Amino acid sequence: MKNMYFDTHAHYDDEKFDPDRDAVLAALPGAGVSLVLNPGCDVASSRAAFALAQRYAHVYAAVGLHPENCAGADDADFAAIETLARQEKVVAIGEIGLDYYWEENPPRGFQMEVFRRQLRMALALDLPVIIHDRDAHGDCLAAVSEFPGLRGVFHCYSGSPEMAEELLRRGWYLGFDGPVTYKNARRAPEVIALCPPERMLLETDSPYLSPVPHRGERNDSRNLPFIAQKIAELKHITAEEVAERCTENGKRLFGIK
């Protein structure tokens, strides 16, 4: 029986899929990808993610304001995100968080304000969150620690093993993507070694972060087996077990039957 994968983070609303979006999405179940979660990054992409979830039985949506896209966010934007978050097949608030990598990003204080407001929204709506944390590990951990009732995933986890242990202790999930297959992946093997299989999620971050042997190409969910195989090698379990565990984890976290 073919492994059935859940890609818990893929941006099929991205313009890189404009030429063949429907063909790719329609092909996924036949390629062993039974579920996809498409997070939004601003109001427009959150609406697009919701529209894809309405069109495809195997696609679900998350909605939110990404730190790179939050400049000028106002009450109307938050109201639009909350309205979308109440819709059927919207299963999380995300992609939200902090990004200190790009100097041109909105000021850190404003990013934090937008982040905290969405964390409060997720708690009020009883939804999990999808956290983007780039070069902001301490501030991201501090922010989520202010809301002990929160649940969710640190997407494309890139923090230290020590931070991973703290997040796992608090009940968080860790998402693993194509970079775990890269030769220069330093922390990932150590983090994967300490992360219990029941707290891992498989992600592609499509169309970005293609795994080896497709690094540099446009990514899509059909590349999940390359990520699962690398995790399996590091955990000394089978790729089948990785696929099965991570699919069940995603369904549990995002409340998908």
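## Basis

Residues are numbered from 1 along each chain as its sequence is written. In this predicted model, local features need pLDDT of at least 70 and side-chain atom pairs count only at pLDDT 80 or more, while totals for chains, interfaces and linings use all residues; side-chain values use heavy atoms, with hydrogens and water left out.

## The sheet

Strands here are DSSP runs of E with at least two residues, and helices are runs of H or I with at least four; both are numbered from the N terminus. Two strands pair if DSSP finds at least two bridges between them.

Two of the pairings can be followed residue by residue. Strand 2 (residues 33–39) and strand 3 run parallel and are joined by 4 bridges. Here Leu37 stands opposite Tyr60 in strand 3. Strand 6 (residues 152–154) and strand 7 (residues 173–176) also run parallel, with 2 bridges between them. Val153 stands opposite Tyr173 in strand 7.

Strand 3 (residues 59–63) is mostly covered. Of its 5 residues, 5 are buried, where buried means under 20% relative accessible area, exposed means over 50%, and partly exposed lies in between (1.4 Å probe, protein chains only). In a regular strand, side chains alternate between the two faces of the sheet. In strand 3, Val59, Ala61 and Val63 point one way. Tyr60 and Ala62 point the other way.

## The largest pocket

The largest pocket holds about 1200 Å³ of space. A pocket is an open set of points on a 1 Å grid over the protein atoms alone, with protein on both sides within 12 Å along at least five of seven lines. A cavity is a set of points where a 1.4 Å probe fits but cannot get out. Lining residues have an atom within 4 Å of a point. Grid points are joined across faces, edges and corners, and a volume is the space filled by probe spheres set on the points.

The pocket is lined by 39 residues. Arg134, Cys156, Pro179, Asp205 and Leu209 lie nearest its centre. Strand 4, strand 5, strand 7 and helix 7 (187–194) each supply at least two lining residues. By class, the lining has 14 nonpolar, 10 polar and 15 charged residues. Ala, Val, Leu, Ile, Met, Phe, Trp, Tyr, Cys and Pro count as nonpolar, Asp, Glu, Lys and Arg as charged, and the others, Gly among them, as polar.

## The cavity and Ile231

The model has 1 cavity of 30 Å³ or more. The largest cavity holds about 30 Å³ of space. Its lining is Pro197, Met200, Ile231, Lys235, Ile237, Glu241, Val242 and Arg245. These divide into 5 nonpolar, no polar and 3 charged residues. The largest share, 3 residues, comes from helix 9.

Ile231 lies in helix 8. Ile231 is buried, with a relative accessible area of 0%. Beyond its neighbours within four places in sequence, Ile231 is in contact (heavy atoms within 4.5 Å) with Phe176, Ile192, Met200, Leu202 and Val242.

## Backbone details

Two cis peptide bonds deserve a look. One joins Gly94 and Glu95, with omega about 20°. Glu95 is in strand 4. Another runs from Val212 to Pro213, with omega near 15°. Pro213 sits in the loop between strand 8 and helix 8.

Lys89 is not a glycine, yet has a positive phi of about 75°. Lys89 is in the loop between helix 3 (75–85) and strand 4. Lys89 is buried, at 18% relative accessible area. Asp126 also has a positive phi, near 55°. Asp126 is in the loop between helix 4 (108–125) and strand 5. Asp126 is exposed, at 53%.
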